[in-house]
Structures are given as structure tokens and as C-alpha cells.
Amino acid sequence: MKPLRIAIACFPTLGGSGIVATEVGMRLAARGHQVCFFAERCPPRLDLAAPRVTLERVVVDLSSPAASGSHALALAAALATAEGFDVIHAHYAIPHAVSAVLARAIASQQGRHAPRIVTTLHGTDVTTLGADPQMRAVVRYAALESDALTVPSAWLRERARTLLDLQERPIEVIPNFVDPSVFTPAQVDPHALSRMFPQLPGWDDPLQRPRVLWHGSSFRAWKRVGDTVRALALICERRSAVLVLVGDGPERPQVQALAAELGVAERVLWLGERSHFTELLACADLFVLPSETESFGLAALEALACGVPVVASAVGGLPDVVQHGVTGCLVPPADPHALAQAALSLLDDEPRRLRMAAAARADACARFSPQPAVAHYERILAAVC
Ligand code: GMT
């Protein structure tokens, strides 16, 4: 295959779309393509020392009259000015796909080579923005102007077709993937988590030790992080447990206040935003993801790969990721009692939890390895050029 010159427009954050963009781009570069990331800053997992990987920082000049259009216009300007790309891969419709469409129009108007556009819709760009009567038209326009569309799950494809009225458009499903050599149950330090809760007794007793729940997200309303705390409080009525929270976002103060209100504050540890935590995650007993919507749930997949069973809400693409009764449990959304019951059914039965942990690792490796997903993206990018 002829090497492509690929521009990737993505969020430089720990959210799933930024991580997928980074992992796909790095792997395309490893396959011989030239890949330039366009983002406000270096995405957390991007290795700029890797061959054929570059970063174009998109700088918003706040003193400029264009500052009100901020990142979207700055990105369009950067993409329009950059010469010689075959294709722009936009991750998330707004602003990335919109900026890509504008950049392509500018290049055409100037009589220059206009790059193709592949857009990956990730989740709330369809479910939230697509349901917004005003933003819907913008998302739909960007989708229709793209040369190819991908989504991480069949569920999101159906949502995109319905909400954005894209019945006639081919939309390829490419699941999120996980690197099993990075997200691995190997080499865990069994005392790492007990050291983080020195005030709690019983860590040395295999039967009585506190059980460890883990949650990682962007702490947005639709993640329902408060339900992880409510479930913890219910679980603690029966047995000792703790909750480790990774990530940050607008709901964090409410979540911490709720932990105090329910009397479990000393059992909740907030680690903040961090990109390297797999050794700790692999020590957890369960990963909890009570989202009210989730197109895929990359964080759940990364936990499964670490051999941590997942208790999640049965929404969106999560039933494709978590096999109920095999690699975890699925419960109705917005039901902390059901979440706690499902968690206890595993925490009270360690042999069953361990069987699920092994199945979780095996299933993540078998169904969500990077190679097929990256090859699929590569075929789509090559096909439009
Ligand atoms: O929509 C979001 O919440 C943000 C988005 C992101 O940028 O992290 O997450 C979405 O994309 C991920 C990668 O494809 C998926 O794993 C997440 O499930 C999806 N989130 C939602 O659908 C809520």
C-alpha cells in the first residue's frame, strides 16, 4: 500500500476519542504512513519520538478578532495552511470534522489539493449534539461532507442514522481496541492499594480484606459517578470495600460531597487525571461503569484486559464489550441497588470473580486486539484517497 500523509484532528485529553485517535495514529505511523496530529497540546499517550509522527500545535490567539471562534477556526486555519495531506482523520464531529470540512473548502477555493476527510463519530457528538435541535444540523453537515464515516459500535451507527438522518450513508463499525501488553494483569504489586488506604484494617486477611472497586471517567453527568459512591455505601453495609476514582470533570465536587454525606469519604480515593495506572487498576477487584449512555466504553475494555471484571449499565455499546455473566455483569442504568447487588454477587464469591477475571482478559485479547481495528482504519483511509 502506498504510504499516506494523514492529518489527525483530535482532543488532547484522556477521553476515549483522544486515546483512540492517538493509538490509531501511532500504529498507522508504525505501518509506514506519515501522521501529523493537530491538537491544542500533545495528547497524553502520543510518543513524538516515534518515526513519522509529528504534532502541529493548534494555538488560539486570544488577542485575535477570531478568538470568539477559538479552537474550531484555529484548527481549520492550521489544517487549511498545511500542505500535502492526502486525508484528514477527524475524531469527534465538533469541532474536528467541521474544521476539516472548512479547511478542505479553503484549499479547493485556492486551487490547491483538497484532502479527503474520514470522520469517526465517537459518542456524545451523536447522542447529545445530534439530539440538540440546533447543533444537529452542524453535526449532520459535517457527517455528510465527510468521505467516509466510522463509529465504535453498531449501537452508535443506529443512533447516528436515526438522530442525524443518515440512512443512506455507509457507516463502518470499528470497535475501540486495547493493547494487551500495556493493559495486563501481570506484575501487580499486591500491597499497592492497601498502602493507599492505611487507615482501614484487614488488608492482610484474604477473606476480610477490603474489596476494591475502581472507576475511571471524565466525571460528566452522563457517567453517573455518584452511583459508584451510592453502590459503595450499600456494599459497605455487608462487607468492607473501597472505591478508587481516576479522572476529573464537572461532577467531581458533587461526588466527593456525596461520599461525605453517605459516610464513606475515608473509603473513596480520588487519584485525579493520570495516564499511567495499569499496575494499580490490575489490583482492583471490580471496575464499575454506571453510565447512562456509552457508545463503547473504552475504560471498561482496558479494565477487562487487566483481568478486572466489569459491572456496568446495560446501555449503548456496553453489552458488546462486557459479556454478562462471563466477563462481568450488566445492570439497568440509574439503579445503585442493582449495581451494588451485582458487585456483591462477585465480591462474595471469589472463585467466580477469579474465573471472570481470567475470562475478561482472554476475551479482551481475543476480540479487541489492535491489529484488526487499525487495519480497518487503514483500508478506509486508503480507499477514500
Ligand atoms: O462522548 C463522550 O463522552 C466523549 C468521548 C470521548 O471523547 O472520550 O467518549 C466516547 O468515545 C469513546 C471512544 O470511542 C467511547 O469509548 C466512549 O464510550 C464514548 N462515550 C460516550 O458515548 C458517552
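Start by selecting P95, which lies in helix α3 (residues 93–109). You're looking at a predicted model.

Colour the strands and find the open sheet of seven, ordered β3-β2-β1-β4-β5-β6-β7 with parallel pairing. At its edges sit β3 (53–57) and β7 (171–173), each pairing on one side only. Ignoring direction, neighbouring strands here are turned by 25° against each other on average.

Zoom in on β1 (residues 5–9) and β4 (residues 87–91), which pair in the parallel sense over four bridges. Pick I6 and look across to β4, where V87 is its bridge partner. Next, show helix α2 (residues 70–81): this helix packs on the sheet, touches β1, β2 and β4, and points at about 155° to β2.

**Stop three: two helices.** Select α1 (residues 16–30), which lies across β1, β2 (34–39), β3 and β4 and runs at about 160° to β2. How do the axes of α1 and α15 cross? They come within 10 Å and cross at roughly 80°, so the two helices are roughly perpendicular to each other. To see the contact, show V20, V24, R27 and L28 on α1, with P370, V374, Y377, E378 and L381 on α15.

**Stop four: the cores.** Show I6 again, along with W214, L281, F287, L301 and V310: these have the most contacts inside the largest nonpolar core, which has 67 residues. Helix α1 supplies the largest share, seven residues. Domain 1 (5–177 + 369–384) and domain 2 (185–367) each give this core at least three residues.

Leaving out residues up to four places away in sequence, L301 touches N176, F177, V178, F296, V321, A364 and F368. There's also a second, separate core of 31 residues, and V229, A231, V264 and L339 are among them.

**Last stop: two loops.** Most residues other than glycine have a negative phi, so here are two to check. Go to F219, in the loop between β8 (211–216) and α8 (225–236); its phi is positive, near 50°. Then jump to A334, in the loop between β13 (328–331) and α13 (336–347), where phi is also positive, at about 55°.

Is F219 buried or exposed? F219 is buried, with a relative accessible area of 0%, whereas A334 counts as partly exposed at 46%.

Key:
Residues numbered from 1 in each chain as written. Predicted model: local features only at pLDDT ≥ 70, side-chain atom pairs only at ≥ 80, totals over all residues. Heavy atoms only, no water. Pairing = 2+ DSSP bridges. Axes fitted to C-alpha atoms, helices over the stretch in contact; angles between N-to-C directions. Contact = heavy atoms within 4.5 Å. Core = buried A, V, L, I, M, F, W, Y, C linked by side-chain atoms within 4.5 Å. Buried < 20%, exposed > 50% of the residue type's maximum accessible area, 1.4 Å probe, protein only. Domains from an automatic or database assignment. Parallel < 35°, antiparallel > 145°, perpendicular 65-115°, else oblique.
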